[in-house]
Amino acid sequence: MLSWRNQETNRQVSKTSHEITAEEHARWWSAVRDDPSRRVLVYVRDDRPCGVVTFFDLRLDGPRTGAWGFYLDADGLDGRGETLPAWLGVMREAVEYAFDGLHLDRLDGEVLGHNTVVRQMNRRFRFVEGTPRQELSDGREITVIPISLARADRRQR
């Protein structure tokens with residue numbers, strides 16, 4: 001999980017772009033593993049773990065909402081020529097889990113403005129972009145774009 005997150009490809013499209021240390025990762029895992037407002041799932045493709053999906057800020061009473069993000073083993077998938085199928089698969093399965101497993105009414109997230117490929121994929125899955133905002137993270141200025149997908153607007157299989 002940590003090695004995937006620290007791959008250059010993933011760091012460049014994340015708010016936190018520095019290499020995460022083992023200590024930072026251990027603190028994060030300690031905080032999230034028992035947090036009822038979070039879920040951390042490993043994406044498996046062809047019996048091989050190749051990604052991580054996180055759901056956070058889950059509100060499972062009243063309007064059911066939550067946020068999400070994911071990253072893949074970009075280097076391993078690229079080496080096997082499986083990047084696009086894995087990317088489509090993780091997004092499809094994560095959206096299904098959000099609406100059919102967690103029974104969310106709305107799924108939220110964020111994408112960096114320069115990540116045009118993910119922004120296109122998000123549109124394919126019917127996510128709607130909100131108003132961009134500027135943030136300073138790891139010494140760099142980034143444009144963060146909120147995204148959301150309502151249950152009624154999701155793409156059906």
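**Close-ups of a predicted chain**

**View 1. His 103, partly exposed in a loop.** At 43% relative accessibility, His 103 falls in the partly exposed class, because that class covers everything between the 20% and 50% cut-offs. You'll find His 103 in the loop that links α5 (83-101) to β4 (106-112). Its backbone is worth a look too: phi is positive, about 60°, although His 103 is not a glycine. As a rule, most residues other than glycine have a negative phi. Keep in mind that this is a predicted model.

**View 2. Asp 138, another non-glycine with a positive phi.** Here phi sits near 55° in Asp 138, again a positive value in a residue other than glycine. Asp 138 belongs to the loop between β6 (133-137) and β7. Is the side of the chain seen here buried, exposed or partly exposed at Asp 138? Asp 138 counts as partly exposed, with 40% relative accessibility.

View 3. Step along to strand β7 (residues 140-150) and you reach Ile 147. Which residues does Ile 147 touch, once neighbours within four places in sequence are set aside? There's a run from Leu 107 through Asp 108, Gly 109 and Glu 110 to Val 111, plus Phe 127, Val 128 and Glu 129, and also Trp 68 and Asn 122. Gly 79 is another story: it lies 68 residues from Ile 147 in sequence and 30 Å from it in space, C-alpha to C-alpha.

**View 4. Zooming back out to the whole fold.** The protein chain has 6 helices and 7 strands, and from the N terminus they come in the order α-α-α-β-β-β-α-α-β-α-β-β-β. Its radius of gyration is 15 Å, close to the 15 Å from the globule rule for 157 residues, so the chain is as compact as a globular protein of that length. Along the principal axes, the C-alpha trace spans about 40 × 35 × 35 Å. Of the 157 residues, 40% count as buried. Among contacts with a separation of 6 or more, 55% join residues 24 or more positions apart.

**View 5. Surface, charge and confidence.** The accessible surface comes to about 8800 Å², and 49% of that belongs to carbon and sulfur atoms. The chain has 24 positive and 25 negative charges, whose mean positions are 5 Å apart. As for confidence, pLDDT averages 95, and 99% of the residues score at least 70.

How values were computed: Residues numbered from 1 in each chain as written. Predicted model: local features only at pLDDT ≥ 70, side-chain atom pairs only at ≥ 80, totals over all residues. Heavy atoms only, no water. Helix = DSSP H or I, 4+ residues; strand = E, 2+ residues; numbered from the N terminus. Rg over C-alpha atoms; globule rule 2.2 N^0.38 Å. Buried < 20%, exposed > 50% of the residue type's maximum accessible area, 1.4 Å probe, protein only. Contact = heavy atoms within 4.5 Å. Areas by Shrake-Rupley, 256 points an atom, 1.4 Å probe, with all protein chains shown as cover. Lys, Arg positive; Asp, Glu negative; His and termini not counted. Charge placed at Lys NZ, Arg CZ, Asp CG, Glu CD. pLDDT = per-residue confidence, 0-100.
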